[in-house]
Structure formats: structure tokens, C-alpha cells
2 protein chains.
Amino acid sequence: MQLFWLSLLPCLYVTSLCTAEQGLEFPSFDGKDRVLHINERNYKKALKRFDMLCLLYHEPQPAHKGRQKQLQMTELVLELTAQVLEDKDIGFGMVDSQKDAKVAKKLGLEEEGSLYIFKDDRVIEFDGEFSADTLVEFLLDVLEDPVELISNPMELRAFERMEEDIRLIGYFKGEDSYYKAFQEASERFQPYIKFFATFDKATAKHLSLKMNEVNFYEPFMEEPAILPGRQLSEMEIVEFVHQHKRATLRKLRAEDMFETWEDDLDGIHIVAFAEEEDPDGYEFLEILKDVARDNTNNPELSIVWIDPDDFPLLTTYWEKTFKVNLFKPQIGVVNVTDADSVWLDMSNDEDLPTAEELEDWIEDVLSGKVNTEDDDDVKDDYDYDGDV
Amino acid sequence: MQLFWLSLLPCLYVTSLCTAEQGLEFPSFDGKDRVLHINERNYKKALKRFDMLCLLYHEPQPAHKGRQKQLQMTELVLELTAQVLEDKDIGFGMVDSQKDAKVAKKLGLEEEGSLYIFKDDRVIEFDGEFSADTLVEFLLDVLEDPVELISNPMELRAFERMEEDIRLIGYFKGEDSYYKAFQEASERFQPYIKFFATFDKATAKHLSLKMNEVNFYEPFMEEPAILPGRQLSEMEIVEFVHQHKRATLRKLRAEDMFETWEDDLDGIHIVAFAEEEDPDGYEFLEILKDVARDNTNNPELSIVWIDPDDFPLLTTYWEKTFKVNLFKPQIGVVNVTDADSVWLDMSNDEDLPTAEELEDWIEDVLSGKVNTEDDDDVKDDYDYDGDV
């Protein structure tokens, strides 16, 4: 890579800032090539050489200048990631979807722009924000044990606090038990879905877990779905996860944002914006959680919650695209094919809508009464308390 | 700026990824110059023209090529920030510490590499991670009201959950009251320190707030410091904040990380690494909070808590520099002049240290018994239960 002087943007300048004090030096790209160009001759060797191999499956070298630069930038992000993780025995490579079509087919690469991570005998697809921050954090998560053990009340509290995430927890006799199948299953979902296990009677009792039972906690739900305790196979657990994994309320996360967005329901998403750190946003989110809990058995409902604080670079883009003010909570319907949208009008009232009012609106969305097309020539927004 | 093709790294490629679905397009730099080069002729006009003006005070054009590029990258980060915030009426400029020394003096710019934000008649210094993400989020925070009103039990719960932040809350009669001085004071600390107010009797009662009283909550503390209710002036409140603002336990945040790091005690920091999302990390953090609560009146103690999840690009750098494994919680002493460090050995035991054991170790640090120099030719780490 010739562009070695492009020290990476998220990290620049900082080194020169703090000359007097040491301990917070952000890395900048050192110019050394670490990313391999994968082809038929070298791919087997690369797979053998590293504990983990990350391959970016990309479009052929584009003719358009802007897109060429974008591809170079992508490679740079990968180079910086490789540099930062240098001591972790992770290989990085690029696979051209045209020139290396044969290798891609052999390796099962399908989606251009995705990063495929080969670890042991499984493949993990990364379809999130392509920045060095997000990638490094994601890969460090993949390096951790896929199952975390819960063995005391404090760790149990940590487990119970993670309401934003999909979590499974199983109770087993010990390492040498049906735990093994649970562990195998966990590897298929790492790091997207969190797996926990306990060998501790008191912890199991607190969670009402029977021996060999596996519980699935949907985000924000208090009651788990239960896979009864018996000799569970890896495939039974995998099947159980697939059956439950689309949540009624799910938070958009940088590490799988595009995958979440692609998983629309009939071409639309119900999207809620709420800053959890903000009192108004927190209140709205609590109402939303109530609604989700009441409707958790409705397979047609899956609300995407976006905390604008997690995506500062997208905030003004969303404000422009959706014509909403994101300093306040918002909920609306977005058509994913054209980003056309319609939003619940919460501007005239001091109070946020109640859970019942929100449910009525959501019913109207699901029945098609509220949709992104009807408003296109009407001026007024939908008003939840009836005064349009 | 000629380098318009350098579409910004944190955001690249993504546009070309999701052609089928709309709604998540990260911005890339469009090549338009928005950042002004500030000099004696244009600075007054710039101050008048914008609601808010952000000036980067930078070193003179360096002779060294690598540093030249770093300066260009910095400007690019500023350009992308300006583009993203285009509709918010914020101006951006660069001030050369040599060429524009006179202007800098007039404006009171002192620290090279800092960004100075001029809003109304006050100046806010930004000394955090210089990335577009962090900057945009910071500036959006500056645009919000400096005081948030708490008016119902749900908002109160949101307030009580923010234990990581320094928070002030005051109880006033209404907008037209001693609230005004509180509001003025809040502007001096925005957005670093959060100010809340309530005009609601029930909220005040829940917090045991008397009329016109102001309470200061140090991070992680349950009991506030109290500024008794009477006619408080802006300066009294400002003084009160300054007196309390260095916390016994403070979390490192991207938006003021360098400022926090510069605020060392006798050249050292006690640094704790703990992932809050990890059961082990959570447990360690709870122990640490206990220790902080027990020692909140010790002015010599200020522990910097770093959640590695917040700084993925620094994680492996810290592992190398400090020779620690950050998949597990760690606590140590870091000398900020050379990043030399010594860490409490927690490797041999299954259990984490108790609050008492941690306090003993901290006492040894404060008395100088544990320090970063002594271990330089000794192999063993300090072991908290005595078996070295």
C-alpha cells in the first residue's frame, strides 16, 4: 500500500498533542503492509497460518474515481486494524469478487462489502460499521470465550443488567456435561448473541433454572423463553435461538447495523429514536419497553431503537432524511427502499404518549392505516391523541 | 482543501454497501471547503456571523512530513465535522500559533492542539479525542440547553441512574427565580458537567432538596455535597463546583480524556481497567465503587476508571505499554511522565480482591510503598494477599 502517509483519521494528531504526558497514544498507520491479497495460490496457507483469518470480500476495482478511493480507504481501515491487533495472531486479507471468484466460491463468500472471519471450522460474517474502532472491538470480542460463567451474586447482577442484549443462560453439572453442546452452539452466534452458563446451585435457583435447562432472554423482557432441561443437542439449541432471535424491541448496534436494517418486515421498520442519557429519552424508552413487553408474542412487530448518541455522524443525516428533530424522542415508520417515512406527532403536547396511545398507533401502522405513502401530499402528521 | 478525495475513514465504503436499503448512509467528505483560515482581518466577522465558532489552535506548519500529514488530517476531521453540522449555524476555523499569534492572544487561545468553542460570551475548550465522531457528539451537546428540567418520577429515575457523571441539581420556584444564577453557572461547565433543576415539590422532596438548595453529586456517590438554600450567586455555585469536581473515582471519557490525564496527582494516576459489560469487570467495578465511597473525603485519591470497550484502538497499546491482560480487570499505578507502571497481581486467585484488600493496596500506593520505580529490577508483582 503506497498511501502509508495517510495516518488514520480517527487517531491523528493526538500523538503530537500530549508530549508532556504519556499513556494515551492513539495509533496511526505505520505504513507496513499487513493485509494479504488472497488468491488461489495463497488462501490455504493463510487459513493454516493464523488462528483467525478475516477476509474482506469486495467489489472489483471500480472505474469511478470516488469509488476507487473508497476501496483504498477500506483497505486502510483493515491495515490499521491489522496493525492494532498485530500480537493477536489474526490474519487479514482482501478477496476480489471478480478476479478471485473461484476462491470466493470455495470459501463461501457471498455478500460484497462483508468481512468474513474464519475461526476454527466456522465462519462469522461482519456486516456492521466499517471503522477501525468497531472492527477492533468486534474482533477482540470474537477472541473471548464464547460462554461466560456466572458463579456469584455479583456476576448474576451483571447478567441481569444486560437487558439490551439477547442472552442465553444454561444450568449444567460442570464442564463435562451437556454443557458441551451448549458451548458448541454458542460458537455459532459469537459475538452477536451472548451465552452464559452456571454450575452453581444458588445462581440457578435465583433464575428458576432446572438442571440442563436453557433460557433465552429477549432484549428488555423479564420472562425468558424456556428450553426444558434434558439432553439437549447443539442443533436443538441453535434451532431455539433462530426461532426467538428477532426481538420485539431491538437496539441498533454498530457491529451489526446493516444486518439489522436488512431484516425489515415487509419493507418497513418501525424506528424509535431516544437518547437513554436524556431524561425525556429515558422516559420514552420505558414506555416503549412496556409496549414491547405487552406485544412480545406478535411476530409482526419488531421496533428498532436507535440511540443517537451511538451514531453521532448519522444524527444530522437522519434529521434531514426523516425531517425530525433528534434532540427529542421520535417514533415513526421508515420505508427501507426509499427512506420515505412518517412520524408520530409528539410536538403539541407536553407529555409523551402513554403506552396505550403508542399501542394504538403501532396497531395502525401494522394494519396499514398509518403508512409512508399516504402523507406524501398531506401536510399534517398523525397526532396520537386524535386532534389532527 | 485539495485532498477532497480522502473521504473520511470512519465512514467509508458503507455508502456502496447498502445499495438495496436506504436509511443508514454514513457521510463522506464532499470536498467543499468549510473551515476558515482565521487571521486578524476576518476573526471579528467570523465571531459575529455564527452562533458558535470552533477554532482549532494548531502548531505552525511543521517541516517534518509525517507531522504535516497529521495536520492535514486534523483539518479533514474538522471539515467533515463542519459538513455534518452544516445546518446548525456553527463556524469552524484554524488558527496558526505562529502566523496568527496576535489573534490567538486576543482570543485567549493557549494550548496548541485544543479546539476552542466560542458561544455567546464564553469559551469552551475541547481537549478530547480528535475524531469526527467525538467532536460531532460534543458539539451537539453544546447546542442543547445547559440545564435539564426534572418534572416527573420517570425523569427522576433517569437522573438517578447517571451515576458515572458529575451532576448538580437545584430546586427553584420557577424560571423567574434564583434559578437564573444556577443557569448562568451551568453555562460555564457545559457540556462537561451536567446541570439539572426541578420546580416540582414531589421531586424535590424525594431528593431531600430544600428551596433554592443546590446539590452536587460526585460520580458513584450516593450522598451529595450540599450548597444550602439561600440567594446563591453564579460565582458561589461556580466556586462550589470547582471545589468538588475532582472525583474519587472518575471514568475516562473520549470528550475530555487528555484533560483528565493531565490532572494527575504528583505525576501518577491510579488506573483501573474494567469492562462494565463483563461479569468479572462489573464485579470489580462494584468493589472499586465501595472503596471510593469509603474514601471520598481523601483529596489525595482519584482513581481513573477506563472501560476498554470505550477505547478499542487503545486496548492493545495499553496491553503492550503496561504489560497487562485487558480481558480481565486490572488496577495499577501509572507514572504519566514515562508511562512506567506497576499492577496489582490478581492472577493467582480465583476471587477478586475484597474492598479491604484493595484499600490496603491503595494505602500502600499513597504512602509510596508501592510505586513504579521499585519494581524495575524485581520480577514479582505486588500480591494483595501477601504471598509474593
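In this predicted model, helix α7 (residues 179-187) of chain A packs against helix α9 (residues 234-244) of chain A at an angle of about 45°, with 8 Å between their axes. Helices are DSSP runs of H or I with at least four residues, strands are runs of E with at least two, and both are numbered from the N terminus. Axes are lines fitted to C-alpha atoms, for helices over the stretch in contact, and angles run from 0 to 180 degrees between N-to-C directions. The angle therefore makes α7(A) oblique to α9(A); angles under 35 degrees count as roughly parallel, over 145 as roughly antiparallel, 65 to 115 as roughly perpendicular and the rest as oblique. The crossing of the pair α7(A) and α9(A) is right-handed, a term used if the near helix is turned clockwise from the far one by less than a right angle, with anticlockwise giving left-handed. From α7(A), the residues A181(A), F182(A), E184(A) and A185(A) meet E234(A), I237(A) and V238(A) of α9(A), where contact means heavy atoms within 4.5 Å. This contact of α7(A) with α9(A) has 5 nonpolar, no polar and 2 charged residues. Ala, Val, Leu, Ile, Met, Phe, Trp, Tyr, Cys and Pro count as nonpolar, Asp, Glu, Lys and Arg as charged, and the others, Gly among them, as polar.

Helix α11 (residues 279-294) of chain A and helix α6 (residues 153-161) of chain B pack at about 115°, and their axes are 8 Å apart. With that angle, α11(A) is roughly perpendicular to α6(B), and the crossing is right-handed. P279(A), D280(A), Y282(A), E283(A) and E286(A) on α11(A) meet M154(B), E155(B), R157(B), A158(B) and R161(B) on α6(B). By class, the residues in this contact of α11(A) with α6(B) are 4 nonpolar, no polar and 6 charged.

The same surface serves both copies, since 99% of the contact residues of chain B recur in chain A.

In chain B, F322(B) lies in helix α12 (residues 312-322). F322(B) is buried, at 3% relative accessibility (buried means under 20% relative accessible area, exposed over 50%, partly exposed in between, with a 1.4 Å probe and protein chains only). Beyond its neighbours within four places in sequence, F322(B) is in contact with G23(A), F273(B), V334(B), A339(B), S341(B) and W343(B).

Most residues other than glycine have a negative phi, and most peptide bonds are trans. A cis peptide bond, with omega about -5°, joins Q190(A) and P191(A), and P191(A) sits in the loop between α7 and β8 (194-198) of chain A. The bond from Q190(B) to P191(B) is also cis, with omega near -5°. N212(B), which is not a glycine, has a positive phi of about 70° and is buried at 13% relative accessibility. F220(B), likewise not a glycine, has a positive phi of about 70° and is buried at 2%.

Residues are numbered from 1 along each chain as its sequence is written, and chains are lettered from A and ligands numbered from 1 in the order in which they are written. Local features need pLDDT of at least 70 and side-chain atom pairs count only at pLDDT 80 or more, while totals for chains, interfaces and linings use all residues; side-chain values use heavy atoms, with hydrogens and water left out.
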